[in-house]
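This briefing is intended for reading alongside the sequence and the three-dimensional view. Please keep both at hand while working through the topics below.

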Amino acid sequence: ARHHPGLSVVTVSPGAVAQTNIFLHQGVSSLVRGVSRLAMFVVGSHSVEEGAKRYLDALLATRRGEEEGEEVFCPISGSFWASRKGFTKDYGDVTQIKKGKFVANTGLQDKAWDAVNKFVLV
């Protein structure tokens, strides 16, 4: 977002979506599969539609949850929107909670930017 101020850049996590079967793909270890399935069983997951809605909300910058008293969805460029509790609850800007402050660290962002550009320009 800082490198292209004319664009709005928002990172969005779909949350835990069990129906995608991502853990069935080759290269995912049995341990990761088992832990992930157990975590989704204990903590929960949501539908493909709810995960996709998160992307559409960011793309269209819609406001959601006002009638339910939830946080208003109005992302700013450079923010990271994901579940702030568990895998599906309290959807909002992760950079605004203590454990998500690292996402807003500009030093880490610059390192990621350099690494991606090094890979892309090879």
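In this predicted model, strand β2 (residues 80–85) pairs with β3 in the antiparallel sense, and 4 bridges connect the two. Strand β1 also pairs with β2, but here the strands run parallel and 2 bridges join them. The sheet as a whole is open, with 3 strands in the order β1-β2-β3 and mixed pairing.

**The sheet**

- Strands β1 (11–12) and β3 (89–93) stand at the edges of the sheet, and each has a single partner strand, so one side of each is left without a neighbour in the sheet.
- As a general point, the strands of a sheet pair through backbone hydrogen bonds, in either a parallel or an antiparallel arrangement.

- Ser79 is located in the loop between α2 (48–60) and β2.
- Is Ser79 buried or exposed? Its relative accessibility is 3%, and the cut-off for a buried residue is under 20%, so Ser79 counts as buried.
- The side chain of Ser79 makes a polar contact, at 3.0 Å, with the side chain of Trp81.
- Ser83 belongs to strand β2, and Ser83 counts as buried because its relative accessibility is 16%.
- Ser83 and Val12 are separated by 71 residues in sequence, while their C-alpha atoms are 9.6 Å apart in space.

**The largest pocket**

- The volume of the largest pocket is about 430 Å³.
- The pocket is lined by 16 residues, and the closest to its centre are Ala1, Arg2, Val9, Gly78 and Gln109.
- Which helix gives the most to the lining of the largest pocket? Helix α3 (residues 106–120) does so, with 5 residues.
- Sorted by class, the lining comprises 8 nonpolar, 6 polar and 2 charged residues.
- In general, rolling a probe the size of a water molecule over the atoms shows where empty space is left.

- Arg2 is found in the segment before β1.
- With a relative accessibility of 45%, Arg2 counts as partly exposed.
- Arg2 and Thr106 lie 104 residues apart in sequence, and the distance between them in space is 9.3 Å from C-alpha to C-alpha.

**The chain as a whole**

- The protein chain contains 3 helices and 3 strands.
- Read from the N terminus on, the elements follow the order β-α-α-β-β-α.
- The chain has 122 residues, of which 21% count as buried.

**Confidence of the prediction**

- The average pLDDT of the protein chain is 79, and 84% of the residues score at least 70.
- Which element has the lowest mean pLDDT, and which the highest? Helix α1 (residues 30–43) has the lowest mean, at 80, whereas α3 has the highest, at 89.
- Helix α3, the element with the highest mean pLDDT, is also the helix that gives the most to the lining of the largest pocket.

Conventions:
Residues numbered from 1 in each chain as written. Heavy atoms only, no water. 1 Å grid on protein atoms, 1.4 Å probe; cavity = no way out; pocket = protein on both sides within 12 Å on 5 of 7 lines; lining within 4 Å. Points joined across faces, edges and corners; volume = space filled by probe spheres on them. Nonpolar A, V, L, I, M, F, W, Y, C, P; charged D, E, K, R; others polar. Pairing = 2+ DSSP bridges. pLDDT = per-residue confidence, 0-100. Buried < 20%, exposed > 50% of the residue type's maximum accessible area, 1.4 Å probe, protein only. Polar contact = N/O pair within 3.5 Å; in protein donor to acceptor, adjacent residues only side chain to side chain.
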